[in-house]
Amino acid sequence: ENTKIWYILKEDHLKKNSIKILKNNKSKVGEILVKGKSLCGGYLNKNDWEPKIKNGWYQTGDIGYIEKGFLIYKGRSSNLINFNGRLIHPEYYEEKLDKKFNSKFCMFAKRDKIKDNIICLAVLKNGPKDKDIINFINSQFSNIFISKIFKINKFSYTRTNKLNRKK
């Protein structure tokens with residue numbers, strides 16, 4: 001699977017802030033942690049961010065890695081899908097589908113009685129046909145299987161304008 005760079009931030013632009021990656025295994029990818037004096041300055045309620053600080057480092061909930069002085073953002077840890085023992089970054093597949101069909105997609109997991117997690121897609125009702133979506137996925141990606149496609153009227157977003165995968 002190719003790595004897509006969605007957001008790049010040069011480390012020296014951070015001025016008096018620091019970034020590190022908290023890794024759980026030998027992979028270079030992990031949770032992005034940040035530390036600095038300007039951190040959380042825009043929050044009015046300390047209770048919103050204070051619990052996310054451990055040993056002085058703010059746990060962003062974002063996944064990425066540092067390469068040649070650049071922070072490579074991969075997605076949100078809460079968006080990861082455990083599929084057949086592999087962690088899937090839905091943003092990667094959504095971007096490929098968005099480009100191919102010029103339509104918005106949302107990939108998410110659902111619990112299944114037979115299987116542990118199944119991968120589902122949401123797409124607008126006026127979007128591409130299910131058959132075309134499945135044919136594209138099968139021709140491009142051997143590591144995922146879409147079990148269900150939901151046709152929806154509109155996507156839901158969080159208060160911070162992120163795609164709401166839970167609705």
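I began with the buried residues of H3 and looked up what they touch: in this predicted model, they pack against H2, E9, E10 and E11.

Next I asked myself which residues of H3 are buried. I found Ile133, Phe136 and Ile137, and I noted that these residues lie on the same side of H3 because they cover an arc of only 95° around the axis. I then turned to the other side of H3, where I found that Lys131 and Ser139 are exposed, each with over 50% relative accessible area.

I looked up how the helices are placed on the strands. H3, which spans residues 130–140, lies across E9, E10 and E11 and runs at about 140° to E11. Helix H2, made of residues 90–101, lies across E9 and E10, and I noted its direction as about 135° to E9.

Then I turned to the strands themselves. They form an open sheet of 3 strands in the order E9-E10-E11, and the pairing is mixed. I marked E9 (105–111) and E11 (146–152) as the edge strands, since each of them pairs on one side only. From one strand to the next, the twist averages 30°.

My last entry concerns how E10 is joined to E11. How many bridges join these two strands? I found 6 bridges between E10 (residues 117–124) and E11, and the two strands run parallel. As one example I followed Leu124, whose bridge partner in E11 is Ile152.

Terms used:
Residues numbered from 1 in each chain as written. Predicted model: local features only at pLDDT ≥ 70, side-chain atom pairs only at ≥ 80, totals over all residues. Heavy atoms only, no water. Pairing = 2+ DSSP bridges. Helix = DSSP H or I, 4+ residues; strand = E, 2+ residues; numbered from the N terminus. Axes fitted to C-alpha atoms, helices over the stretch in contact; angles between N-to-C directions. Contact = heavy atoms within 4.5 Å. Buried < 20%, exposed > 50% of the residue type's maximum accessible area, 1.4 Å probe, protein only. Arc of directions from axis to C-beta.
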